[in-house]
Structure formats: structure tokens, C-alpha cells
Amino acid sequence: RTVRVSGSALQPRAPRFAPPAPMLDLRYVVDHLSEVRAALSRRGPAAAQTLDAISALAEERSRVMQRVQALREEKNAANADMAKLDKKSDAFKERRDALKRISDESKQLEVDERRVNQELEGLLLLVPNTPDSSIPDGHTAEENQEVRRIGELPKLDFKAKDHVDLGTGLGILDFERAVKVSGARFSVLKGAGARLERALMAFMLDLHSGKHGYTEIWPPALVNEDSMRGTGQLPKFGGDSFRIAPGWQAEAEQAVAESADAAAPKPARDLYLIPTAEVPVTNLHRDEILEGEQLPIAYCAYTPCFRSEAGSYGKDTRGLIRQHQFDKVELVRFETPERAPAALEELVGHAEAVLVQLGLAYRVVLLCAGDMSASARRCYDIEVWLPGQNAYREISSCSWFGDYQARRARIRYRPKAGDKPQLVHTLNGSGLAIGRTLVAILEQYQNADGSVRIPKALQPYMGGLEVVQPARAQ
């Protein structure tokens, strides 16, 4: 089922990249404000406007630092003069009084400098990453650049059903009971549907940990604020996340306070349900200095994912495409700056391998500057063909972040023993979104009678099941 249409599956041609530049370092941004503004303007006016407040604070910071330097020179001069004066003379007392004024003003300037730097750091957390110079300009999905198409589109001699009608007819999807249990944008998988979800998870993890060499991780699904901040979810996108209710924290703390065990650990505060395994897995190395020989580090992880989908109401409300809870296998890499661009191409190929082995038609697109996530420097979307929608839909987003995340999470490496530590470059991508892969299988492998064939690669994970029959025939 999978043939070359255009481009080459799993063997993408590596593009030319501009050499990695220092990105969103406070000193660099302040000293190269116009250059950074020009780069961010490729994302759109709103991205460039995040620098406006930084510009004003940068001027204040410059004035403070200049005054600090002037006072330092005055202090040195006064000390030099005092060394030559009689300690009982009026001139000595004048220099001593001058030193006290200098000391008092210097202390206030130190307070001002800390305040300005803290405000600048806070503002920088809201500034998106600068796009790589090699990606196309544009602001919408229509301006993304198609790189290749792989696989023949299914030739159906009947009207294609979407996954909702197929799953309901097969008796493997139940949205009504999910609404009763949890609310809108949740789903219940039953029977062969639940097993297919589990089979896809195992198949993807086996492929990535076996053939592709990723180390499998089973991380927590709840993370703290530092972890969310480290990968760029906070503070800008806090509204897209599910945060544990303060009431739970208060009750947990009360329980600890009443515990007879005085040494009982305090419960974690401000925990968030993860939007993707990228968050806990990337933060495994937060505040660490890795050795150069450890790189590259490649992890794969399955997790449930949780997103509020704030601002997306009215979009994809039917079915499994945009849920509050969904399953995903994620690929995360830590690379040197020199190897990171090539590593992105490899990561995309690893995600594509899932679709190739499942025999699913798809395409790869390079996102334009204005359509990327705020943290990405360069990003590819892999879009699978859905006959029920007569359209390609995203099933994986693979991104190179440069040192954007590593700077926030303070993840560094030492190229050689004794070398000064440098920031690593991070990458990640879905390998793949499990629910959307299930959707693609239902729609691309559907039969006229409403049954659905199981891809050969998945049949061993499905106990040898080859076809899921409509509920009435079971």
C-alpha cells in the first residue's frame, strides 16, 4: 500500500541551515534588539511586539549600569585620595562622607538592577523563539511548504465514512457515555477499539526503542511549574493546561500536618497534567551538565496527554481529532548545536516509519515562520490522509528548538573535559499521536460493509485479528 509518490520516505534531503545563533539570551537580546525584532517579525506583529517592553527596560538597565560604573570610578578615586590625606583633616572627612553617599547610592542601584533584570527575565519568558532563516515566510497553514507525499490514497468504490460513523458501527467507540462520565471532548474505546489503542502504543514503542535506538521512558503525568516553564508551556500558555485544583493541595497539606510522622514529605504544589511527554522527558535533565560523550541522548515515551484546547471551541468537535485527553508516543532528543539540524531530519524519518509500516498514506510539510509553535526554531508536520474528511490532518509535529528550551531548563553539556559548559539543543516529535493513528486506520482500511481491516504490522499485537466486523455481525 505504501509507495513513493513524491520525495523519499524515511530518507529526507537535509536542507541548508544558518549556523545556530545565540537565541533569547538576555544580554544578546538587549544588545541586538533590532536584529531579534526583525527575526520575530517573521512570526507576525504580535511576536515582535513582545520586545517593546524589553526595549524600554533595556534603556533603564543601561542607565543603571552606567551609573554603577561611574560610582565605582568615584569610589576608587576617593579611596586613592584618602590614602594620601591626614585622617584628622577636613578633606579626609569629606572623602569619607562622599564614600558613604556613594555606598548608599550603590546599594539602591543594586536593588534597581536586580529589579530590572528580574523584569527582563520575566518578559523574555513571553518572547517566542526566533525562526531559522531557512524556513519559509508566512502566517497560515496555507503558506506551509509541502516537502513530500508518501503512499497511494485509498481508492474506495463507495462513499467513505468518517471514523465516528465507522467506530460507532463497529461498537468500538462510545462518545455518549464519555460525555456522561466526563463531559464533552472525551471518548470511550471498547473491545477491539481499546485493544487497537494498546496495540498501537506497543507497536510504536517497540519500533522506536528497538529499530531506532531510543531509550524507553515511563514518566509521571503530573509535573511542577518549573517543568512546564522549562519547555515553554508557562507562562504564556498556562490557559491551555489543566492545573491541579488548590483545594486538593490544601487538603493534602492538612493531612501531612495532622500526620504523626513529622518527617513526612510535603505534597507537591502547583502540579499540571502534562500536555505531552515532551514536558517530563525534556526536564529529566533540567539543571544538569552533561558530558559531550553522552550526546546524543534519545528517549521515547508513551503518556496520556491532557489539553484544555482553550480557544479551539467550534473546531473538530466531532470525534477523536481534538480531545481533552488522548494518548501519544513522543520522541525527545538532546543534541549538540552542530548535529541538531541533521537530527531533526532523522527524527522526522523515525516518525514517518510508523506510517510506512502501517501502510498509511501521508505527506510532510515544512511550517512557515508564522505557523510554528512559539518554542520551535524549525518544524515539520506529518499529515495523514483521512478519506472521511477528504483531507490531510496532522498526526505528528517534529520540532528543533535550538537552545530555547535548554536555556529555560538550564540543560548544558561540556564538549570535552575542562571545556566551558554550553547549552544543548533539544528536539521532539510525536511518534505518533495514537488516537489520530487509530482514526487513520479506521478510515483508510474501511470496507464497503463497514468492517475495517487491521494492518499486517499490527495483527500480532491484536492476537492475530485481521478484520473488525460491524457490531451486528459480532
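Guide: Begin with β11 and strand β17 (residues 425–433), which pair in the antiparallel sense over seven bridges. Two strands pair if DSSP finds at least two bridges between them; strands are DSSP runs (E, at least two residues), numbered from the N terminus. Within this pairing, E330 stands opposite S430 in β17.

Visitor: What should I know about the model and its numbering?

Guide: This is a predicted model, where local features need pLDDT of at least 70, side-chain atom pairs count only at pLDDT 80 or more, and totals for chains, interfaces and linings use all residues. Residues are numbered from 1 along each chain as its sequence is written, and side-chain values use heavy atoms, with hydrogens and water left out.

Visitor: Which sense does the pairing of strand β10 and β11 have, and over how many bridges?

Guide: Strand β10 (residues 297–306) pairs with β11 in the antiparallel sense, over 10 bridges. Y302 has V329 in β11 as its bridge partner.

Visitor: Why is β11 described as largely enclosed?

Guide: Buried means under 20% relative accessible area (1.4 Å probe, protein chains only). Of the 11 residues of strand β11 (residues 325–335), 10 are buried, so the strand is largely enclosed by the rest of the structure.

Visitor: What is the strand order in the open sheet of three strands?

Guide: The order is β6-β8-β7, with antiparallel pairing. The edge strands, β6 (222–223) and β7 (242–243), each pair on one side only. Two bridges join β7 to strand β8 (residues 272–273), and F242 stands opposite L273 in β8.

Terms used
Helices (H or I, at least four residues) and strands (E, at least two) are DSSP runs, numbered from the N terminus. Buried means under 20% relative accessible area, exposed over 50%, partly exposed in between (1.4 Å probe, protein chains only).
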